[in-house]
Amino acid sequence: MPKPTQAAPFNIGTRGSPLALAQAHETRDRLMVAHDLPQDAFRICVIKVTGDQILDKPLREIDGKGLFTREIEEALLDGSIDIAVHSTKDMPVQQPGGLVMDTYLPREDVRDAFVSLKYKSLADLPNGAVIGTSSTRRRAQVAARFAHLKVVEFRGNVQTRLKKLHDGVADATFLAAAGLRRLGMDDVPYHPIDPDAMLPAIAQGAIGIERRDGDSRAAEMLAAIHDHATGQRLAAERALLAGLDGSCETPIGGLAEIVDGRLRLRGEILRQDGGAVLTDDMQGAIEDGPAMGQEMAAKLLGQAGPGFFD
């Protein structure tokens, strides 16, 4: 395998937010260690994506699939980059023809984080308090369990949403605990929410790395940094998402965990307005994770009936 060099670097595609760059840098650093390569053997390539350019509309009002991936995948297909680094929770379950995503870094904290300058938890918020979020899942979960709260649209990266909180646009918001940890933002007043109280987005906290199918050099480079346990967990979660035909803008929660050599999968679907919540919880052999995801999706859809997500 020809190694990347300063003259012919290994190009890593990413979005340009501070969190996306932190994830790309983590990927590069792991590849450097795994293959004993210098930093200048790699190039971080920032690519603007649709989801980062349209900030004046809720995501659910835009074409919901590929908002944070399409332009990066186009660069991967045309050879401008060698690999693409993604937040896996933003990834559609189907990759475009010619692309595969089969490498995951060790998963970070999966939990949502409650962030407020005045309150410590959702339960502390008074009647009429304002929660800011752009997540359809989080909106539905709040509406289902805290109907006395008001939810407003809160777009932007981590830094933008924190500024909105400081400006008084809302009393509280949610961020992914994994993002705060990867950014080293220990000064942010956040409180992780137990998954029993708020099931996270499918694949939350996981970095996925996409490559061209048949690119043996990229495949060999990435195999050295793949975390098998994370891959096993996401195989179950993403099978659940695929069975539900969901996107990152569908109110779906899911979490797979490996405990004592067995896999536990939890799933949740909600009406957009929080008016109905359906859940399931299964356990089985780790290798049966994808089948468990498919089975759970069929069960939840059967209970929901047609038009549940409309």
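In which sense do strands E1 and E2 pair, and over how many bridges? In this predicted model, strand E1 (residues 10-14) and E2 are paired in the parallel sense, over five bridges. At one of the positions along this pair, Thr 14 has Val 46 in E2 as its bridge partner. In general, the strands of a sheet are joined through backbone hydrogen bonds, and the pairing is either parallel or antiparallel.

E1 and E2 belong to an open sheet of five strands, ordered E2-E1-E3-E10-E4, in which the pairing is mixed. Strand E2 (42-46) and E4 lie at the edges with a single partner strand each, so one side of each has no neighbour in the sheet. On average, neighbouring strands of this sheet are turned by 30° against each other, direction ignored. Helix H1 (residues 18-35) packs on the sheet and touches E1, E2, strand E3 (83-87) and strand E10 (207-212). The direction of H1 makes about 165° with that of E2. Helix H7 (residues 216-223) also packs on the sheet, in contact with E1, E2, E3, E4 and E10. For H7, the angle with the direction of E10 is about 155°.

A further open sheet is formed by five strands in the order E7-E6-E8-E5-E9, with mixed pairing. Its edge strands, strand E7 (150-152) and strand E9 (190-192), each pair on one side only. From one strand to the next, the twist averages 30°. Strand E5 (residues 112-115) pairs with E9 in the antiparallel sense over three bridges, and Val 115 stands opposite Tyr 190 in E9. Helix H4 (residues 136-145) packs on this sheet, touching E5, E7 and strand E8 (172-176), and its direction makes about 130° with that of E8. Helix H5 (residues 158-166) packs on the sheet as well, where it touches E5 and E8. The direction of H5 makes about 165° with that of E8.

Helix H8 (residues 228-244) consists of 17 residues. From its first C-alpha to its last, H8 reaches 25 Å, close to the 24 Å expected at 1.5 Å a residue. Just after H8, Asp 245 takes a positive phi of about 55°.

Conventions
Residues numbered from 1 in each chain as written. Predicted model: local features only at pLDDT ≥ 70, side-chain atom pairs only at ≥ 80, totals over all residues. Heavy atoms only, no water. Helix = DSSP H or I, 4+ residues; strand = E, 2+ residues; numbered from the N terminus. Expected span 1.5 Å × (residues − 1). Pairing = 2+ DSSP bridges. Axes fitted to C-alpha atoms, helices over the stretch in contact; angles between N-to-C directions. Contact = heavy atoms within 4.5 Å.
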